[in-house]
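Open the model in a viewer and keep the selection panel at hand. The stops below go from a core to a strand and then to a single side chain.

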Amino acid sequence: QVQLVESGGGLVQPGGSLRVSCAASGRTFRTYAMGWFRQAPGKEREFVAAIRWSGGNTYYADSVKGRFTISRDIAKNTVHLQMNSLKPEDTAVYYCAAGVRELYYIERYAVRGSYDYWGQGTQVTVSS
């Protein structure tokens, strides 16, 4: 089992920045990739970003490319999502996810079914 706990959400003005983090515990040695998804009210949960735990390759949704950066701290078993130039449409609950299956194409980590463990989520609100 892998436990995931998100932190760092909050209220930020449009154009501002925020960093959310996800701490992993348990059998983290099984993790091949970590991802961030988000879900706005009345919408489906959508992919935001993913990172391979070994190697650090990253992949982003087009909607956040150039504004968001995913990174990992292997020593602390933590993944971060730095969000810059935030827009009101970025408002959502942000979920961290861990995948324990090694997928050859990193794009496959954009799919919810590629992940095995999920955090409880952290609210990010972008509003003036």
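Each stop gives a selection and then what is found there.

This is a predicted model, in which local features need pLDDT of at least 70, side-chain atom pairs count only at pLDDT 80 or more, and totals for chains, interfaces and linings use all residues. Residues are numbered from 1 along each chain as its sequence is written, and side-chain values use heavy atoms, with hydrogens and water left out.

**Stop 1: the core.** Select Leu-4, Met-34, Trp-36, Leu-81, Met-83 and Tyr-94, which touch the most other members of the 40-residue largest nonpolar core. Such a core is a set of buried Ala, Val, Leu, Ile, Met, Phe, Trp, Tyr and Cys residues joined through side-chain atoms within 4.5 Å; buried means under 20% relative accessible area, with a 1.4 Å probe and protein chains only. Among the elements giving two or more residues to this core are β1 (2-7), β3 (18-26) and β9 (92-99). Strands are DSSP runs of E, at least two residues, numbered from the N terminus.

**Stop 2: strand β1.** Select 2-7. Val-2, Leu-4 and Glu-6 form the covered face, while Gln-3, Val-5 and Ser-7 form the uncovered one. Val-2 has Gly-26 as its bridge partner in β3.

**Stop 3: Glu-6.** What is the nearest side chain of opposite charge to Glu-6? Arg-45, 7.4 Å away; Glu-6 is buried and has no salt bridge (a side-chain nitrogen of Lys or Arg within 4 Å of a carboxyl oxygen of Asp or Glu). Lys and Arg count as positive, Asp and Glu as negative, and His and the chain ends are not counted. Show the backbone nitrogens next: that of Cys-96 is 2.8 Å from a polar side-chain atom of Glu-6, and that of Gln-120 is reached by the Glu-6 side chain at 3.0 Å.

Note on methods. Buried means under 20% relative accessible area, exposed over 50%, partly exposed in between (1.4 Å probe, protein chains only). Helices (H or I, at least four residues) and strands (E, at least two) are DSSP runs, numbered from the N terminus. Two strands pair if DSSP finds at least two bridges between them. A polar contact is a pair of N or O atoms within 3.5 Å; within protein, one must be able to donate a hydrogen and the other to accept it, and residues adjacent in sequence count only if both atoms are side-chain atoms.
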